[in-house]
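Here are my notes for a colleague who is new to this structure. Please read them with the model open beside you.

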Amino acid sequence: MNHLFPYIERTLLHPDVTINEQYEALDDVTQLGFAGLTVAPFWVKKFRRELGDNHPAILSTVIGYPFGYQRTEAKQTELEWALRDGASEIEVVLNTSALFSPSSVWLKIELAKLVALAHAQEKFFTVILESSLLDQAQLQAMIKLAANTGADFIKNATGSRQTGSRQTGFSQEAALAFRQLVPKSIGVKIVVDGATQEEMEQLISVGVDRLSLGQPLA
């Protein structure tokens with residue numbers, strides 16, 4: 001399992017996450033060499049202090065989580081504060097509601113504005129797609145949109161739909177198909193809660209860059 005550690009991002013975004021859980025995840029990052037830690041915007045400033053300015057691990061946060069349908073101006077403000085608080089990477093949830101509406105043209109404008117803000121401070125930018133909501137044509141179109149606007153990574157899900165009454169669960173078939181759709185020039189993140197070690201190893205072998213893990217390793 002050790003060989004997977006450099007690919008794993010501990011992602012703590014569930015609504016009842018505790019400070020102790022986050023400290024345990026931070027220990028995984030600092031002691032086991034995980035790739036990074038993803039926390040809610042509220043916690044960025046604290047965990048930047050805990051991690052320090054020079055630690056190589058990524059401190060990431062989410063913008064527009066979990067549905068992406070905030071106004072662009074609100075996302076811009078949220079992103080600016082996250083960078084000010086010390087986030088080294090930004091993940092923005094695609095506005096799926098706009099995609100399903102005639103206003104989908106605004107998706108490109110919004111992403112271009114947000115990418116520009118992150119890249120101006122030399123920070124990585126991830127677009128999160130809730131791919132289980134999209135048909136094949138929509139998924140391909142949104143991956144192309146994210147790539148064309150300059151995203152560094154594309155992520156297959158928020159992870160929020162893997163809990164509660166509308167669970168989607170992990171699908172290795174869907175994860176592998178997602179990797180095939182994303183251009184090789186763009187990094188890929190996959191939510192792997194529920195995946196086996198063998199499935200995670202297969203994802204890495206086909207070029208997945210990050211494994212987003214909401215639960216501690218068993």
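1. A cut-off comes first: a residue counts as buried under 20% relative accessible area, as exposed over 50%, and as partly exposed in between. Phe 47 has a relative accessibility of 0%, so Phe 47 is buried. Keep in mind throughout that this is a predicted model.

2. Start with the rings. How many aromatic pairs does a search of the whole structure find? The search gives 6. One of the pairs is Tyr 23 with Phe 47: the ring centres are 5.5 Å apart and the planes meet at 55°, so this pair is tilted. Tyr 23 belongs to helix H1 (residues 19-32) and Phe 47 to helix H2 (residues 44-51). The pair therefore ties together parts that are 24 residues apart in sequence.

3. Phe 42 and Trp 43 form another ring pair. Their centres lie 4.9 Å apart with the planes at 90°, so the pair is edge-to-face. Is Phe 42 buried or exposed? Phe 42 is exposed, because its relative accessible area is 68%. Ring pairs join Tyr 23, Phe 42, Trp 43 and Phe 47 into a cluster.

4. Two charges sit over rings. For Arg 84, the charged end is over the ring of Trp 81, at 4.4 Å from the ring centre. For Lys 189, the charged end is over the ring of Phe 153, at 5.3 Å from the centre.

5. Next, look at a helix pair. Helix H3 (residues 72-85) packs with helix H5 (residues 105-120) at an angle of about 15°, and the axes are 10 Å apart. That angle is why H3 counts as roughly parallel to H5. The crossing of H3 past H5 is right-handed. On the H3 side, the contact residues are Thr 72, Lys 75, Gln 76, Leu 79, Glu 80 and Leu 83. H5 contributes Glu 110, Lys 113, Leu 114, Leu 117 and Ala 118.

6. Where does Val 208 sit? Val 208 is in the loop between helix H8 (197-205) and strand E8 (210-213). With a relative accessibility of 2%, Val 208 is buried.

7. Which residues does Val 208 contact, leaving aside its neighbours within four places in sequence? They are Tyr 7, Arg 179, Val 188, Ile 190 and Leu 203. Take Arg 179: Val 208 and Arg 179 are 29 residues apart in sequence, but their C-alpha atoms are 6.7 Å apart in space.

Key: Residues numbered from 1 in each chain as written. Predicted model: local features only at pLDDT ≥ 70, side-chain atom pairs only at ≥ 80, totals over all residues. Heavy atoms only, no water. Phe/Tyr/Trp six-rings, centres within 6.5 Å; stacked < 30°, edge-to-face > 60°. Helix = DSSP H or I, 4+ residues; strand = E, 2+ residues; numbered from the N terminus. Buried < 20%, exposed > 50% of the residue type's maximum accessible area, 1.4 Å probe, protein only. Lys NZ or Arg CZ within 6 Å of the ring centre and 35° of its normal. Axes fitted to C-alpha atoms, helices over the stretch in contact; angles between N-to-C directions. Parallel < 35°, antiparallel > 145°, perpendicular 65-115°, else oblique. Left-handed = near helix turned anticlockwise from the far one by under 90°. Contact = heavy atoms within 4.5 Å.
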